[in-house]
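Please keep the structure in view while reading.

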Amino acid sequence: MNYRNLEEEIKALELGLPPLENDGFIGGRLSPEDATLVLLPVPWEATVSFGEGTASAPEAIKLASHQLDVENYHYIKPYSAGISMLESDKNIKKLSSKARKKAIKVIEALENEKNDKKALKFVNEASKTLNSFVYEKSLEQIKNGKFVAVVGGDHSCPLGLIKALNDTLDEEFGILHVDAHHDLREAYEGFIYSHASIFYNVLNECDKVSRLVQVGIRDYSKEESQRMQNLGEKGACLYDTAMQSQLASGKSLEELFSFYIEKLPQNVYLSIDIDGLEPLNCPNTGTPVPSGLRYGELEHLIFMIVKSGRNIIGFDLCEVGTSNDGFDENVGARVLYNLCGALLASQGKIEFR
């Protein structure tokens, strides 16, 4: 790619011309060196439990973003602060494909009350390789003074970024996690770094994470709900059924969300699994679950964090599916751009209204 500097990037994007096929996110071609926010694509889906396709999401989201107009209601010219998306790593995608085939063998063995230890070992080692890759790439950008976000991939992808933030920040931080699932299982199906175990692993490996607040949860195990309860003051969860009941009883969205946002510390990491939304918005995500947040409710939740004066220090967007009509990735691209705007606004890099 022929990179542009920030001045050239702003001028090109404000012309509103159709992007070229090989252009980056929102049609940009900004050099990562000139960016404030660097997006790290992670084409990974080794341990998905049901539907596949999220390994193709980073590239699909990038292409779908070419249909976005870059002005935003809440965030004033997010692109003007400098957003750059790195190229996907082909070796990681190849490793994901190999690990996925092994994972299927593991799952099929379990379904027949057997074990495939060799295949399981391969998947777990591959996941460690993935975690190291994301950690090193994130650390490199953070040390260069950049904010970093992960574009997945399944929800195991962001562990390396969260660990990089954990190892470089002086202060503790909280996580706001939007999802249909708790993702608090221990080594689900034998996979140590399963998409269903991301926050079990985060809480065990990241000592600066002081609070985990979850929103939209509606499909979970006894193990996970007990683990959330055991977190005590360190955890809080707005279950989807409770949210829908309170909204139906006349409570406002502002009231509901404010209670949980107030539990977050000053520094906040956002982890957004697209299946936190209603399946209408993400029909091809790997594990869709009825109900969930409307698109506008998610948008408002994110904006409320910005308005609260908290600092968004990083984020991930995971589990976006891919489809023939491009709908899922179109929604994913719009969620991603809103997340970019929110981080940049919270850090004073752009204004918001």
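## Pockets

The lining of the largest pocket consists of 9 nonpolar, 4 polar and 4 charged residues. In this classification Ala, Val, Leu, Ile, Met, Phe, Trp, Tyr, Cys and Pro are nonpolar, Asp, Glu, Lys and Arg are charged, and the others, Gly among them, are polar. The model is a predicted one: local features need pLDDT of at least 70 and side-chain atom pairs count only at pLDDT 80 or more, while totals for chains, interfaces and linings use all residues. Residues are numbered from 1 along each chain as its sequence is written, and side-chain values use heavy atoms, with hydrogens and water left out.

The volume of the largest pocket is about 310 Å³. Of its 17 lining residues, Ala12, Gly16, Leu17, Pro18 and Pro19 lie nearest the centre. The second largest pocket holds about 200 Å³ and has 15 lining residues, with Ser49, His181, His195, Ala196 and Thr287 nearest its centre. Its lining divides into 4 nonpolar, 4 polar and 7 charged residues. A pocket here is an open set of points on a 1 Å grid over the protein atoms alone, with protein on both sides within 12 Å along at least five of seven lines; a cavity is a set of points where a 1.4 Å probe fits but cannot get out; lining residues have an atom within 4 Å of a point. Grid points are joined across faces, edges and corners, and a volume is the space filled by probe spheres set on the points.

## Cavities

There are 3 cavities of 30 Å³ or more. The largest cavity has a volume of about 60 Å³, and its lining has 6 nonpolar, 3 polar and 2 charged residues. Strand E2 (residues 83-85) gives the most to this lining, with 3 residues; helices (H or I, at least four residues) and strands (E, at least two) are DSSP runs numbered from the N terminus. Among the other lining residues are Met1, Tyr3, Glu9 and Phe25.

## Nonpolar cores

The largest nonpolar core has 61 residues, and Phe25, Leu39, Phe257 and Phe315 have the most contacts inside it. Helix H11 (residues 327-346) supplies the largest share of this core, 11 residues. Apart from this core lies another, of 43 residues, including Ile92, Ala99, Val134 and Leu139. A nonpolar core is a set of buried Ala, Val, Leu, Ile, Met, Phe, Trp, Tyr and Cys residues joined through side-chain atoms within 4.5 Å.

Arg4 is in the segment before helix H1 (6-15) and is buried, at 13% relative accessibility. Buried means under 20% relative accessible area, exposed over 50%, and partly exposed in between (1.4 Å probe, protein chains only). The side chains of Arg4 and Glu9 form a polar contact of 3.0 Å, that is, a pair of N or O atoms within 3.5 Å; within protein, one must be able to donate a hydrogen and the other to accept it, and residues adjacent in sequence count only if both atoms are side-chain atoms.

Asn267, in strand E7 (residues 267-273), is buried at 9%. Its side chain makes a polar contact with that of Asn311 (3.4 Å). Asp89 lies in the loop between E2 and helix H3 (90-111) and is partly exposed, at 24%. The side chain of Asp89 reaches the backbone nitrogen of Ile92 at 3.0 Å, and the backbone nitrogen of Asn91 lies 2.9 Å from a polar atom of that side chain.
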